[in-house]
Amino acid sequence: MSQCFNEREEIETDVLIIGGGLVGGCLAAALAKTPLRVCVIDFADPEGILSKRFDGRASAVSLTNKRLLEGVGLWEILKDSSAPILDIRVSDGPSLLFMHYDHRAVGEEPMGFMIENHHLTRVWEFSDFVS
């Protein structure tokens, strides 16, 4: 259940997760399929996190983390908002030297995915475990 508590209210929970970001949220999603009572505490204002305000930032989600998101049932919500990372070029300022990574060197799947942060934070609003 999604609720806001004041600082003096007592709650009973089996698992207390500090931080509702990607890691804390994934853990909460995974534990939602158990009989455990889970509480996520985050400093951020829930209305601010769930607002549709665009802040311009994006995060790289590795292939392994994409599989984690699939496992806890969140990737279906995010997949249409993601862009595959197929190539990475690393350089240093004006140097003519660079390193290039191509996903085809290790397999057919992308190395990861870019997702705008507002999609990552709003995923909890649309997930089955929030009520």
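R37 forms a salt bridge with D14, with 3.2 Å between the closest N and O atoms; the term denotes a side-chain nitrogen of Lys or Arg within 4 Å of a carboxyl oxygen of Asp or Glu. R37 lies in the loop between α1 and β2 and D14 in the segment before β1, so the pair ties together parts that are 23 residues apart in sequence. Helices (H or I, at least four residues) and strands (E, at least two) are DSSP runs, numbered from the N terminus.

This is a predicted model, in which local features need pLDDT of at least 70 and side-chain atom pairs count only at pLDDT 80 or more, while totals for chains, interfaces and linings use all residues. Residues are numbered from 1 along each chain as its sequence is written, and side-chain values use heavy atoms, with hydrogens and water left out.

R37 also forms a salt bridge with E12, where the closest N and O atoms are 3.6 Å apart. Relative accessibility is 41% for R37, which is partly exposed, and 63% for E12, which counts as exposed; buried means under 20% relative accessible area, exposed over 50%, and partly exposed in between (1.4 Å probe, protein chains only).

## A further salt bridge

In total, the structure holds six salt bridges. In one of them, the side chains of R67 and E109 meet at 2.6 Å, N to O. This pair links distant parts of the chain, with R67 in helix α3 and E109 in the loop between β6 and β7, 42 residues apart.

## The three-stranded sheet

Three strands form an open sheet in the order β3-β7-β4, with antiparallel pairing; two strands pair if DSSP finds at least two bridges between them. β3 (58-62) and β4 (82-85) stand at the edges with a single partner strand each, so one side of each is left without a neighbour in the sheet.

β4 and β7 (residues 112-116) pair over four bridges in the antiparallel sense. Within β7, I115 stands opposite S82.

## A buried residue

A29 belongs to helix α1 (residues 22-31). At 2% relative accessibility, A29 counts as buried. A29 and L74 are 45 residues apart in sequence, and their C-alpha atoms are 8.0 Å apart in space.
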